[in-house]
Amino acid sequence: MTTDYDIAICGGGPVGLALALLLVKRGLPASRIAVIDAKPVEQATQDPRSIALSFGSRQILEQIGAWPLAASEIHQIHVSRRGHFGRTLITREEHGVPALGYVTRYGTLVTALAKELQRTSVDSLRPAHVTRSTDHAGEVELQFDDRTPLTAQIMVQAEGGAFSDQAEKSIRRDYRQTAIIAHVDVSAAIAHRAFERFTAEGPLALLPQDDGYALVWCVRPDTAAQLQTLSDAAFLAELGSAFGSRLGRFTSVTPRAAFPLGLNAQNTVSARTVAIGNAAQTLHPVAGQGLNLGLRDAIVLAQLLSREISPGSLQRFVTQRQSDRSLTIRITDTMAQIFASAPDGALTQAMLGVSLGLVDAIKPAKRLLAEQMMFGKR
């Protein structure tokens with residue numbers, strides 16, 4: 001049966017674009033691949049949101065020509081619980097890598113990937129909104145609201161969207177937290193050091209970027225609503241109270257955005273359709289693993305489809321990705337729940353502090369955690 005494309009990728013974000021480039025890199029005909037997205041590429045390239053890339057993700061981007069790009073290096077990650085004993089410090093020297101990770105902007109990454117895609121003959125259909133997809137015996141049919149339907153042998157769903165907008169999957173948890181994101185400046189920055197502070201309401205992450213920090217502050221929805229009403233000065237005062245004085249004073253903040261947080265995942269596949277990245281698993285942002293897990297999805301799927309474009313390859317993909325996906329979900333889910341929602345009793349808080357101290361003291365445990373965050377389970 002003749003189809004319009006061999007592979008149709010629905011979602012022109014970093015994971016979908018990376019998959020297309022990885023497929024071409026592995027020898028699939030570029031003209032038989034389509035990337036479909038409801039938004040024009042110009043809208044995506046102007047997105048200022050900060051994102052964290054692991055060292056393993058850098059290696060994937062190097063394979064497809066999307067590295068180097070403008071990014072700030074993370075050499076150390078300091079993990080602690082605000083106001084309590086115990087901390088873990090992970091350094092690049094311990095793992096023999098130039099950086100544990102990198103902080104860039106969503107638009108910067110999409111720009112680099114889109115530029116590389118333009119060097120190929122991959123079809124970019126955007127803006128184009130897929131309204132329905134139907135598996136048939138030898139193809140999947142994609143229908144649109146404003147153009148002729150098309151067919152492909154395989155459809156890859158790579159457009160996840162925000163947790164609050166997603167249909168419910170088999171593994172779902174509403175953390176009852178909201179992430180406030182912004183860029184902040186401080187009076188005493190520590191070069192290349194990222195912070196993950198666990199507070200009574202959720203994790204507070206500061207990632208080095210430019211001369212300041214990308215902020216991801218997870219709090220209860222009612223607290224988030226209150227914080228969003230504050231002036232910049234009052235907001236920075238509250239942030240300083242929650243984080244502490246390790247970086248001196250918080251001196252400025254950009255306009256803030258807020259997003260509800262949850263886990264929404266399902267490791268399933270139909271005969272000719274498979275989901276990767278945020279479309280397969282939306283995670284809590286603790287440890288910054290969402291995009292990195294998606295890029296690992298992309299490289300494995302590209303390897304399998306380059307050997308055989310068939311439903312069997314999709315089944316093998318699900319099997320091969322099960323371990324890494326499950327472990328990453330368990331780690332982020334556990335961290336989000338235990339450290340954010342544990343009772344505030346003295347014994348409980350002491351045990352949480354000791355657990356961080358033990359991770360730092362027990363070298364094999366510390367290495368396993370760091371390598372999972374950098375490379376995933378291999």
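Q: Where does Asp210 lie?
A: Asp210 lies in the loop between β14 (203-209) and β15 (212-219), where helices (H or I, at least four residues) and strands (E, at least two) are DSSP runs numbered from the N terminus. This is a predicted model, in which local features need pLDDT of at least 70, side-chain atom pairs count only at pLDDT 80 or more, and totals for chains, interfaces and linings use all residues. Residues are numbered from 1 along each chain as its sequence is written, and side-chain values use heavy atoms, with hydrogens and water left out.

Q: Is Asp210 buried or exposed?
A: Asp210 has a relative accessible area of 53% and is therefore exposed (buried is under 20%, exposed over 50%, partly exposed in between, with a 1.4 Å probe and protein chains only).

Q: What about phi of Asp210?
A: Phi of Asp210 is near 55 degrees, which is a positive value in a residue other than glycine. Most residues other than glycine have a negative phi.

Q: Where is His192, and what is its phi?
A: His192 is not a glycine either, yet has a positive phi of about 65 degrees, and this residue is found in the loop between β12 (171-186) and β13. With a relative accessibility of 34%, His192 counts as partly exposed.

Q: OK, switching to peptide bonds: what is the bond from Trp67 to Pro68?
A: The peptide bond that runs from Trp67 to Pro68 is cis, with omega near 10 degrees, and Pro68 itself is placed in the loop between α3 (55-63) and β4 (72-74). Most peptide bonds are trans.

Q: And what joins Arg126 and Pro127?
A: Arg126 and Pro127 are joined by a cis peptide bond as well, for which omega is about 0 degrees. Pro127 is found in the loop between β8 and β9, and Arg126 has its place in the loop between β8 (123-125) and β9 (130-135).

Q: Is Arg126 buried or exposed?
A: Arg126 counts as buried, because its relative accessibility is 16%.

Q: Which residues is Arg126 in contact with, leaving aside its neighbours within four places in sequence?
A: Once those neighbours are set aside, Arg126 is in contact (heavy atoms within 4.5 Å) with Gly12, Asp37, Lys39, Pro40, Val41 and Ala44.

Q: What cluster do ring pairs make with Phe195 and Phe243?
A: Ring pairs link Phe195 and Phe243 together with Phe250 into a cluster.

Key:
Phe/Tyr/Trp six-rings, centres within 6.5 Å; stacked < 30°, edge-to-face > 60°.
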